[in-house]
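Please read them with the sequence and the structure open.

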Amino acid sequence: MTHSHIIRNSLNIKDENIIFDVNNYLCPEEKIKETNYLVYQATLTYKPKACHHCGSMNEEHSITKNGTK
């Protein structure tokens, strides 16, 4: 079992496109607005079916997703 799989199971995340950073799987505790949280670093990966800007279909993997937003 990978670290991503274990974290996904423990948080009950069903989306297989979420990959947790294996170099930072021990999540740090951070204080955000006076509340302590455990923060996991992950990446959402997927193959888009079409461009959300122009509607062009992703045939033969012609669309490349860049960035993390």
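**Notes on the predicted model**

1. By the rule used here, the count comes to two salt bridges; a salt bridge is a side-chain nitrogen of Lys or Arg within 4 Å of a carboxyl oxygen of Asp or Glu. One of them joins the side chains of arginine 8 and glutamate 16, at 3.5 Å from N to O. The other is formed by lysine 31 with glutamate 34, and its closest N and O atoms are 3.9 Å apart.

2. The basis of these notes is as follows. The model is predicted, so local features need pLDDT of at least 70 and side-chain atom pairs count only at pLDDT 80 or more, while totals for chains, interfaces and linings use all residues. Residues are numbered from 1 along each chain as its sequence is written, and side-chain values use heavy atoms, with hydrogens and water left out.

3. The protein chain has one helix and four strands. Helices (H or I, at least four residues) and strands (E, at least two) are DSSP runs, numbered from the N terminus. From that end on, the order of elements is α-β-β-β-β.

4. How much of the protein chain is buried? Buried residues make up 13% of its 69 residues. Buried means under 20% relative accessible area, exposed means over 50%, and partly exposed lies in between (1.4 Å probe, protein chains only). The accessible surface of the protein chain comes to about 6200 Å², and 52% of this belongs to carbon and sulfur atoms. Accessible areas come from the Shrake-Rupley method with a 1.4 Å probe; for residues, only the protein chains shown count as cover.

5. Helix 1 spans residues 3-10, and its buried residues are Ser4, Ile7 and Arg8. They cover an arc of only 100° around the axis, which puts them on the same side of helix 1; the arc is that of the directions from the helix axis to the C-beta atoms. An α-helix has 3.6 residues a turn, so residues three or four places apart point the same way. The buried residues of helix 1 pack against strand 1 (18-20).

6. Is arginine 8 buried or exposed? At 6% relative accessibility, arginine 8 counts as buried. Glutamate 16, in contrast, is exposed, with a relative accessible area of 57%.

7. Asparagine 12 follows helix 1 and is found in the loop between helix 1 and strand 1. Its phi is near 60°, a positive value in a residue other than glycine. Asparagine 12 is exposed, with a relative accessible area of 53%.

8. Strand 2 (residues 29-32) and strand 3 (residues 35-38) pair in the antiparallel sense over four bridges. Two strands pair if DSSP finds at least two bridges between them. Across this pairing, glutamate 29 stands opposite leucine 38, and glutamate 30 stands opposite tyrosine 37.

9. The hairpin of strand 2 and strand 3 has two residues between the strands. Lysine 33 is found in this loop, and has a positive phi of about 50° although it is not a glycine. At 79% relative accessibility, lysine 33 counts as exposed.

10. The structure holds one aromatic pair. The rings of phenylalanine 20 and tyrosine 40 have their centres 5.9 Å apart and their planes at 75°, so the pair is edge-to-face. Rings of Phe, Tyr and Trp (its six-membered ring) pair if their centres lie within 6.5 Å; planes under 30 degrees apart count as stacked, over 60 as edge-to-face and the rest as tilted. Phenylalanine 20 lies in strand 1 and tyrosine 40 in the loop between strand 3 and strand 4, so the pair ties together parts that are 20 residues apart in sequence. Phenylalanine 20 is buried, at 6% relative accessible area, whereas tyrosine 40 is partly exposed at 30%.

11. Tyrosine 46 is placed in the segment after strand 4 (42-44). Tyrosine 46 is partly exposed, with a relative accessible area of 40%. Among contacts in the protein chain between residues at least 6 apart in sequence, 21% join residues at least 24 apart; contact means heavy atoms within 4.5 Å.
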